Amino acid sequence: MMLKRMKLSTKVYLLIGLALAFLPFINDSRWFMFLMIQIFVFAIFAMSYDLLLGYTGIVSFGHAMFFGVGAYSAAIVMDRMEASFVSFLLGTLVAVLIGGFISFLAGMLTLKLKSHYYAMLTLALAGMFLYIAERWRSVTGGNDGFTFRIPELPGFLEEHRNFVIYLFCLLAMILLFFGMKRITESPLGRVLVGIRENDQRVESLGYRIMPYKVLISVISGMVASLSGVLYAISIRFVDTSVFDIQVTLDALMMTIIGGVGTLTGPIIGSAIINFSHHYLSDLANIHWIFQRWMILFGAIFILAVIFFPNGIVGTIQNKLAKRKTKKKQYDTTEKSLRKEGA
């Protein structure tokens, strides 16, 4: 009964999720599972960025700050305490709360003004956290970073630790995707889209846009922090690179390539970016010309923007919508001609 009530798109998403769950049975190599885990983790991070950019029109240059806070919070708690599920849950809770608090603070300080003030403040805060992580060596290990242990799994699951982490990250991505999808399709989501398109018009309708902007900023920061936690436990190591602006730029590229304001787009963008990073860097071993693989990566990005101006998912959705509109117009014209003939 529940399956009948589900939308077709929801069924498709669940089938894809089920197929991904069985993927390790086809290819269980360590590097492939690690690559897929990175795709899931950065898909969550990119979706959190899409909540700001795609649905509210808020640009952030320091979104990596939340990612880094999540990674360091979980790592430090599990390093200082005994590696157990309690320490993991505590680290995750601390990460999410700190990420939410920082995003709330940044939102309250700047979102009343133009969105570029928020972008600059988040960039400054990310730089501040990077500086703290570099200097507070007794806790963070500085630029060298530090490794930490994660909880041991019961019984035979410990022998298949990578598979369990793979499933855990996949499940987290699916649940967060449906959670954010529910938000964007709710009345709150429609208000956010209205703010993105014309905030003055939304305000004239009686909405106070500031609370909505702050709320979505907090949700985005908390989700980004959670992706940082998953990143840390997947590699059992953390260093200052998690605060690098390149992490934010990767999320931006994933969102643009996949499709701004789609949620499914960032997932596809994450897969493209991570596979490109892996396979293009491997080409350096084949021929010297590929040692500058970032040039090839830039070319792929330019081609994606040219052929998919609204991102892969956004362009496909627009074409389907246009086709549907044309069909509707054709059907309406045909009906009117039949009436005139009768």
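## A tour of the predicted chain

Accessible areas here come from the Shrake-Rupley method with a 1.4 Å probe, and for residues only the protein chains shown count as cover. This is a predicted model, in which local features need pLDDT of at least 70 and side-chain atom pairs count only at pLDDT 80 or more, while totals for chains, interfaces and linings use all residues. Residues are numbered from 1 along each chain as its sequence is written, and side-chain values use heavy atoms, with hydrogens and water left out.

**Secondary structure.** Switch to a cartoon view. The chain has 14 helices and two strands (DSSP runs numbered from the N terminus: helices are H or I, at least four residues; strands are E, at least two). Of the 342 residues, 44% count as buried (under 20% relative accessible area; exposed is over 50%, partly exposed in between, with a 1.4 Å probe and protein chains only).

**The core.** Next, select Phe 40, Ile 44, Phe 67, Ile 216 and Val 242. Of the 80 residues in the largest nonpolar core, these touch the most other members. Such a core is a set of buried Ala, Val, Leu, Ile, Met, Phe, Trp, Tyr and Cys residues joined through side-chain atoms within 4.5 Å. Helix α3 (30–56) is among the elements that each supply at least two residues, and α3 gives the most, with 18 residues.

Stay on Val 242. Leaving aside neighbours within four places in sequence, Val 242 is in contact (heavy atoms within 4.5 Å) with residues including Ala 64, Phe 67, Tyr 72 and Tyr 231.

**A surface patch.** Now select Phe 61, Met 120, Leu 123, Ile 245 and Leu 249, a nonpolar surface patch with about 410 Å² of accessible area together. The elements giving two or more residues to the patch are α6 (115–135) and α11 (245–258). Leu 123 sits in helix α6 and counts as partly exposed because its relative accessibility is 30%.

**Leu 167.** Move to helix α8, where Leu 167 lies. Its C-alpha atom is separated by 8.9 Å from that of Leu 20, 147 residues away along the chain.

**Two annotated spans.** Finally, select residues 84–105 and 253–273, which are among the spans that UniProt (unreviewed entry) lists as "transmembrane region"; such annotations may be inferred rather than shown by experiment, and positions are given in the numbering used here, with feature names shortened. Residues 84–105 are 95% helix and 0% strand, with end C-alpha atoms 32 Å apart. Residues 253–273 are 76% helix and 0% strand, with end C-alpha atoms 8 Å apart.

Definitions and conventions: Patch = residues over 30% accessible without salt bridge, like charges linked within 9 Å, V, L, I, M, F, W, Y side chains within 5 Å. Salt bridge = Lys/Arg side-chain N within 4 Å of Asp/Glu carboxyl O.
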